[in-house]
Amino acid sequence: MEVARPPSTTGKFVVVGGGIAGVTCAEQLAIQFPSEDILLVTASPVIKAVTNFKQVSKVLEEFDVEEQPKTMLENRFPNIKIIESGVKQLKSKEHCILTGDGSQHVYKKLCLCAGAKPKLICEGNPYVLGIRDTDSAQEFQKQLTKAKRIMIIGNGGIALELVYEIEGCEIIWAIKDKAIGNTFFDAGAAEFLTSKLIDEKPEAIIAHKRTRYTTEGRKQTKTGAGNMGSALGPDWHEGLNLKGTKEFSHKIHIETMCEVKKIYLQEEFRISKKKSLPFPRDHSNQSVTTDKEIWPVYVELTNEKIYGCDFIVSATGVTPNTEPFLCGNSFDLGEDGGLKVDAHMHTSLSDVYAAGDICTASWRPSPVWQQMRLWTQARQMGWYAAKCMAAASLGESTDMDFSFELFAHVVLLGKYNAQGLGSDHELMLRCTKGQEYIKVVMQNGRMMGAVLIGETDLEETFENLILNQTDLSSYGEDLLDPNIDLEDYFD
Ligand SMILES: Cc1cc2nc3c(=O)[nH]c(=O)nc-3n(C[C@H](O)[C@H](O)[C@H](O)COP(=O)(O)OP(=O)(O)OC[C@H]3O[C@@H](n4cnc5c(N)ncnc54)[C@H](O)[C@@H]3O)c2cc1C
Ligand SMILES: NC(=O)C1=CN([C@@H]2O[C@H](COP(=O)(O)OP(=O)(O)OC[C@H]3O[C@@H](n4cnc5c(N)ncnc54)[C@H](OP(=O)(O)O)[C@@H]3O)[C@@H](O)[C@H]2O)C=CC1
């Protein structure tokens with residue numbers, strides 16, 4: 001009897017992942033090698049493409065991201081062949097990958113761009129949700145329409161956006177830090193934002209002006225059970241109705257400096273005979289009042305408070321999605337579990353590159369750059385990985401891309417939170433309540449980073465000051481004097 005043999009391909013370049021990093025990498029390879037077939041293997045039926053890209057200044061960039069059917073990419077680049085199947089195994093010694101549909105694809109150079117997945121506070125609990133892709137965002141929306149109260153854990157990008165966006169549902173927001181938004185802002189910026197929480201949505205304040213995100217036919221793009229879609233991005237909640245069962249707009253209570261100690265399901269909680277707290281309206285009698293409502297799930301915090309809720313959102317960061325590639329391969333991994341890459345986006349395995357959320361940048365970074373798992377960096381890394389793969393295959397050398405000279409993301413520049421600068425730095429602030437918040441981080445008279453919230457028009461000037469490491473000691477505090485037009489001085 002004849003046994004059907006799995007299809008097999010041989011390509012010079014194979015890219016895994018249909019997110020920003022993988023698609024940008026495949027596009028660049030397709031441009032550089034128009035007569036070669038570039039194989040893009042992805043688990044999701046839709047891909048993420050960068051459109052309307054504009055270099056605003058040396059490092060600041062503006063672009064839109066579109067979720068598109070894969071045929072659109074193949075039409076734009078006829079030499080890109082997309083295979084919709086998840087990689088199950090990497091056989092790095094044989095230079096091939098095996099996919100879920102039973103095929104085998106041989107590569108000369110491979111770039112892994114399989115993204116990351118939510119790092120949940122508790123795996124396998126149906127009341128603990130993470131948000132990553134279109135499917136998980138829709139599941140969250142579905143649960144929210146039935147909810148009266150939810151708990152949000154985490155103090156990063158997703159939590160910050162959710163607390164502003166959700167309406168008609170009580171939110172208990174539990175954070176490890178003293179102030180909100182710690183991943184992106186310091187306490188001063190957080191206070192500026194908190195005072196606005198009541199009257200304005202953050203987009204108006206943080207001005208997500210550099211990236212826009214659109215989906216084509218969101219409903220038709222389900223990835224199906226078990227398959228991971230690519231990560232969402234700015235405006236991901238547009239088109240989702242983030243409304244609970246109640247009529248009010250926002251009701252948020254923040255519990256600071258605490259973590260989750262234990263999660264009880266309803267029955268476990270009943271047996272434990274512990275008491276849960278109502279939504280805190282009056283802090284003075286919080287300790288004596290108990291919640292009469294029966295909730296599906298209860299969360300005990302490390303500050304001993306217990307709240308019942310409909311479900312919990314674990315917005316507690318991501319873990320690089322390395323699992324399908326590790327078996328039988330001795331990759332060097334970063335502390336965060338990502339595939340370590342060198343200054344040429346090359347992993348520790350021969351001819352295997354990585355870019356985007358899956359990788360951990362392990363080169364010696366510029367003093368004003370750090371890795372953050374963001375869209376902007378996924379695009380830059382995908383583009384640069386393609387450049388390095390092309391150069392290596394042509395026997396040419398490459399210089400580190402300029403985008404890694406200075407960290408720049410929306411309103412944040414360089415070491416905006418004095419990351420890694422030790423105690424030997426100064427902060428200067430200019431804040432006009434409700435209008436602008438400007439912070440600069442100075443070290444030895446040089447600007448190392450900045451936060452610019454509001455219409456400050458200082459982005460380019462500050463970018464130049466940081467990149468050039470101009471000696472600003474003679475200006476002292478006048479640097480932020482609103483009567484001095486900095487642009488005239490330094491542009
Ligand atoms: C809710 C949310 C909001 C965000 N908002 C912002 C924002 O405002 N600004 C910003 O800069 N960043 C934002 N981010 C972060 C940003 O989306 C990610 O950093 C970026 O998209 C990562 O791109 P990537 O290509 O590395 O990975 P992903 O986009 O995760 O793509 C990974 C791809 O790999 C595929 N894949 C996975 N496993 C396999 C496998 N085994 N075989 C084949 N294919 C596989 C997936 O299907 C997917 O196509 C947000 C993230 C989330 C979750
Ligand atoms: N506007 C933007 O740029 C946005 C970007 N994103 C990106 O999407 C990805 C996922 O977002 P998100 O989940 O918010 O991740 P982030 O990495 O932004 O934030 C995670 C937050 O959770 C905290 N945390 C981690 N573990 C625990 C724990 N066990 N208990 C309590 N708190 C914990 C972290 O604190 P600590 O750091 O102290 O560990 C941090 O405050 C990230 O890559 C993020 O950058 C998402 C939305 C918007």
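1. Strand β16 and strand β17 (residues 306-309) pair in the antiparallel sense, with four bridges between them. Within this pair, V299 stands opposite Y307 of β17. The two strands form a hairpin with four residues between them, and E304 takes a positive phi near 75° there. The coordinates are those of a predicted model, and the points below should be read accordingly.

2. β16 also pairs with strand β15 (residues 260-265), again in the antiparallel sense, over five bridges. The bridge partner of K262 in β16 is E300. As background, strands of a sheet pair through backbone hydrogen bonds, either parallel or antiparallel.

3. Why is β16 described as largely enclosed by the rest of the structure? Five of the five residues of this strand (residues 297-301) are buried, so the strand is largely enclosed. The burial applies to both directions: V297, V299 and L301 point one way, Y298 and E300 point the other way, and all are buried. E300, the partner of K262, is therefore among the buried residues, where buried means under 20% relative accessible area.

4. Strand β2 (residues 38-42) has five of its five residues buried, so it too is largely enclosed by the rest of the structure. Both faces of β2 are covered, with I38, L40 and T42 on one side and L39 and V41 on the other. β2 runs parallel to strand β5 (residues 80-84), and five bridges join the two. In that pairing V41 stands opposite I83 of β5.

5. An open sheet of five strands has the order β10-β18-β11-β12-β14, and its pairing is parallel. Its edge strands are β10 (128-129) and β14 (250-255), each of which pairs on one side only. β10 and strand β18 (residues 311-314) run parallel and are joined by two bridges. L129 has V313 of β18 as its bridge partner.

6. Helix α3 (residues 134-144) lies across β10, β11 (149-153), β12 (169-174) and β18, and runs at about 150° to β18.

7. Is α4 largely enclosed or largely open? Seven of the nine residues of α4 are buried, so the helix is largely enclosed by the rest of the structure. The buried residues are A159, L160, E161, L162, V163, Y164 and E165. Two glutamates, E161 and E165, are on that list.

8. Ligand 1 is surrounded by 37 residues, and the closest are V87, R132, M228, L232 and W375. A nitrogen atom of ligand 1 is 2.7 Å from a backbone N or O atom of V87. An oxygen atom of the ligand lies 3.3 Å from an N or O atom in the side chain of T42, and an oxygen atom lies 3.2 Å from a polar backbone atom of I20. The protein covers 94% of the 1,000 Å² of accessible area that ligand 1 has on its own.

9. Which elements each supply at least two residues of the shell around ligand 1? They are α1 (20-32), β2 and α9 (375-394). α9 gives the most, with three residues. T42, the source of the side-chain contact with ligand 1, is one of the buried residues of β2.

10. Ligand 2 has 20 residues around it, with I158, K176, G317, R373 and H409 coming nearest. A polar side-chain atom of H409 is 2.8 Å from an oxygen atom of ligand 2. Polar backbone atoms also come into range of ligand oxygen: that of N155 at 3.2 Å and that of A315 at 3.4 Å. The protein covers 74% of the 910 Å² of accessible area that ligand 2 has on its own.

11. Which element provides the largest share of the shell around ligand 2? It is α4, with three residues.

Definitions and conventions. Residues numbered from 1 in each chain as written. Chains lettered and ligands numbered in written order. Predicted model: local features only at pLDDT ≥ 70, side-chain atom pairs only at ≥ 80, totals over all residues. Heavy atoms only, no water. Buried < 20%, exposed > 50% of the residue type's maximum accessible area, 1.4 Å probe, protein only. Pairing = 2+ DSSP bridges. Contact = heavy atoms within 4.5 Å. Axes fitted to C-alpha atoms, helices over the stretch in contact; angles between N-to-C directions. Near = heavy atom within 4 Å. Polar contact = N/O pair within 3.5 Å; in protein donor to acceptor, adjacent residues only side chain to side chain. Areas by Shrake-Rupley, 256 points an atom, 1.4 Å probe, with all protein chains shown as cover.
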